[in-house]
Amino acid sequence: MLNLHQKQSLQQKLSPQQIQYIKLLQLPTLALEQRIKAELESNPLLEEGEEEDDLQLDNADEPTDDGSSDLDDDLPSESTETSSDDEFDWDEFLNAPDDLYGYKAQVDHSAEEDERETPMPAMSSLAEGLRDQVGLLDLSETEELVADQIIGSIDEDGYLRRPVESILDDVMFNYGVVLTEADIERVLTRIQRLDPVGIAARDLRECLLIQLDVMGDEVDGRENAIDMLRDCYKAFTMKHFDAIQRKLGIDEYDLKEAFDLVRSLDPKPGEGDFAVQTNYITPDFTVERDGEDFRISLNGRNAPELRVSRHYRDMWNDLSARKTKGDDKAKETKDFLKTRMESARWFINSIQQRRNTLLRVMEAIVEVQRDFFEHGEGHLKPMILKDIADIIKMDISTVSRVVNGKYVQTEYGVYELKHFFSEGITGDDGEEVSNKEVKALLERIVSEEDKTKPWSDQKLADLLAEEGFPIARRTVTKYREQLGVPVARLRRQIVLA
């Protein structure tokens with residue numbers, strides 16, 4: 001039996017143009033650059049460069065801002081829809097004021113050209129370096145195939161986590177040669193002793209043992225270090241020093257010598273060197289002192305000058321001036337121009353609103369965190385996304401998209417915008433302090449502890465309370481883990497009298 005029900009609901013649907021703005025808003029600088037290049041390639045009406053003077057009209061309209069905080073008010077509107085082909089207003093589009101969205105963008109293009117002109121240095125990856133070294137090993141043709149397969153299977157941190165039997169199967173299947181796992185192991189052993197030593201190890205234990213193996217016998221502590229890793233590896237990882245001494249029959253001096261030698265080894269040989277090009281952080285903003293105030297600049301790459309092609313504008317005017325009724329080809333051309341024009345208009349407007357929104361968010365962050373920008377670390381205030389959203393009268397989701405993946409250059413270094421957001425902790429004096437400042441204090445206390453008798457989490461909580469921050473032991477544990485600080489037992493070190 002079928003039942004019919006009527007239901008009334010209110011739904012918010014975003015237009016394709018509004019979705020485009022949202023996507024552009026969350027892109028970091030380099031990703032935005034690639035997105036603009038893609039749009040320039042797909043839309044022939046869109047060009048880089050400032051608009052020609054002869055296409056500019058006086059802008060009499062003042063920008064408006066209704067102060068609404070709803071998500072719709074953060075997005076471009078759709079009120080500029082045209083009614084017919086011939087009524088398309090080019091001047092309205094070409095001469096929109098810079099502060100269309102209620103904020104004058106301040107853009108720094110000073111270093112943009114220098115960055116584009118500076119060539120990237122030629123860099124070779126570690127994989128290429130290993131292949132060059134393999135060429136000097138006097139291997140057979142089959143062994144070179146195996147070596148190439150092994151090098152191609154090394155992870156970014158320099159380890160070989162692919163099973164030997166899998167490499168064997170690939171070599172036999174791809175090249176039709178008959179091999180055994182022992183053949184693979186023999187080539188692997190030689191690769192592991194190339195530069196950097198320990199590359200292509202299967203685990204940390206093997207990596208460390210390989211580095212010890214290539215050392216000369218004259219290295220102090222080498223034999224004890226090898227025995228410690230081979231026979232007492234679990235006790236070594238847990239820092240059970242007494243158990244290691246009993247197992248190996250060595251005194252505290254020999255143990256410290258072996259332990260320090262192992263600590264001097266590289267646990268991740270080649271880490272980060274398998275990529276041909278190094279990734280660099282490109283700050284989206286620069287905050288500089290300007291007397292008693294601050295000057296906030298947006299990276300020029302975030303606000304490229306885009307315009308509509310003069311050639312296609314003239315083509316539209318020519319078609320509009322002629323009678324094209326019944327001319328299917330002319331109508332098709334006009335439809336194409338109109339579609340591409342709408343696309344170009346919305347893209348330019350979205351880019352413009354994006355840069356204005358970014359600057360408004362950054363200005364609000366500087367307003368709240370003024371002490372930090374004046375004095376640096378140790379002066380961070382508690383701040384959440386809603387605080388910024390309330391200041392700029394925008395939705396929290398908009399602020400979140402701006403903050404994600406964006407960086408600012410300050411006189412104290414480069415910081416991710418997320419760095420300025422944190423919950424607060426109330427001290428003994430009743431003043432609220434960012435939990436990041438408490439974490440920094442915790443890190444300092446740990447760095448100053450007696451390494452032979454590291455403090456427990458409860459002791460750390462007591463010490464923080466003495467500094468004016470009475471927080472629970474479980475909170476100390478959480479902060480310690482977030483900082484990557486091991487438990488007390490694993491922080492213990494051997495210190496000889």
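Tutor: Two strands are said to pair if DSSP finds at least two bridges between them. Strands (E, at least two residues) and helices (H or I, at least four residues) are DSSP runs, numbered from the N terminus. The model is a predicted one, in which local features need pLDDT of at least 70 and side-chain atom pairs count only at pLDDT 80 or more, while totals for chains, interfaces and linings use all residues. Residues are numbered from 1 along each chain as its sequence is written, and side-chain values use heavy atoms, with hydrogens and water left out.

Strand S6 (residues 407-410) pairs with S7 in the antiparallel sense, over four bridges. The two strands are joined by a hairpin of two residues, and Thr-410 stands opposite Gly-413 in S7.

Rings of Phe, Tyr and Trp (its six-membered ring) pair if their centres lie within 6.5 Å; planes under 30 degrees apart count as stacked, over 60 as edge-to-face and the rest as tilted. Nine aromatic pairs are found in a search of the whole structure. One of them joins Phe-372 to Tyr-415 in an edge-to-face arrangement, with 5.2 Å centre to centre and 80° between the planes. This pair links distant parts of the chain, since Phe-372 belongs to helix H16 (residues 370-375) and Tyr-415 to strand S7 (residues 413-416), 43 residues apart. Both partners can be classed by burial, where buried means under 20% relative accessible area, exposed over 50% and partly exposed in between (1.4 Å probe, protein chains only). Phe-372 has a relative accessible area of 0% and is therefore buried; Tyr-415, at 11%, is buried as well. Tyr-415 forms a further aromatic pair with Phe-420, this one tilted, at 6.1 Å centre to centre and 55° between the planes. Because its relative accessibility is 0%, Phe-420 also counts as buried. Ring pairs draw Phe-294, Phe-372, Phe-373, Tyr-415 and Phe-420 together into a cluster.

Strand S4 (residues 293-299) has five of its seven residues buried, so the strand is largely enclosed by the rest of the structure. Its antiparallel partner is strand S3 (residues 285-290), with six bridges between the two. Asp-290 stands opposite Asp-293 in S4. Two residues lie between S3 and S4 in this hairpin, and in the turn Gly-291 has a positive phi of about 70°.

Positive phi values also occur away from glycine. Ala-200 has a positive phi of about 70° although it is not a glycine, and this residue lies in the loop between H8 and H9. With a relative accessible area of 0%, Ala-200 is therefore buried. The loop between helix H8 (181-192) and helix H9 (204-213) also holds Pro-196, and the peptide bond from Asp-195 to Pro-196 is cis, with omega near 5°. Lys-393, likewise not a glycine, has a positive phi near 60°. Lys-393 sits in the loop between helix H17 (385-392) and helix H18 (396-403); because its relative accessibility is 43%, Lys-393 counts as partly exposed.

Axes are lines fitted to C-alpha atoms, for helices over the stretch in contact, and angles run from 0 to 180 degrees between N-to-C directions. The axes of helix H1 (residues 16-25) and helix H15 (residues 328-368) come within 9 Å and cross at roughly 45°. H1 and H15 are therefore oblique to each other, on a scale where angles under 35 degrees count as roughly parallel, over 145 as roughly antiparallel, 65 to 115 as roughly perpendicular and the rest as oblique. Contact, meaning heavy atoms within 4.5 Å, is made by residues including Tyr-21 and Leu-24 of H1, and Trp-346, Phe-347 and Ile-351 of H15. Gln-18 lies in H1 and counts as buried at 9% relative accessibility. Gln-18 and Trp-346 are 328 residues apart in sequence, yet 9.0 Å apart in space, C-alpha to C-alpha.

For the protein as a whole, there are 22 helices and nine strands. Of its 497 residues, 40% are buried. Among contacts with a separation of 6 or more, 69% are between residues 24 or more positions apart.
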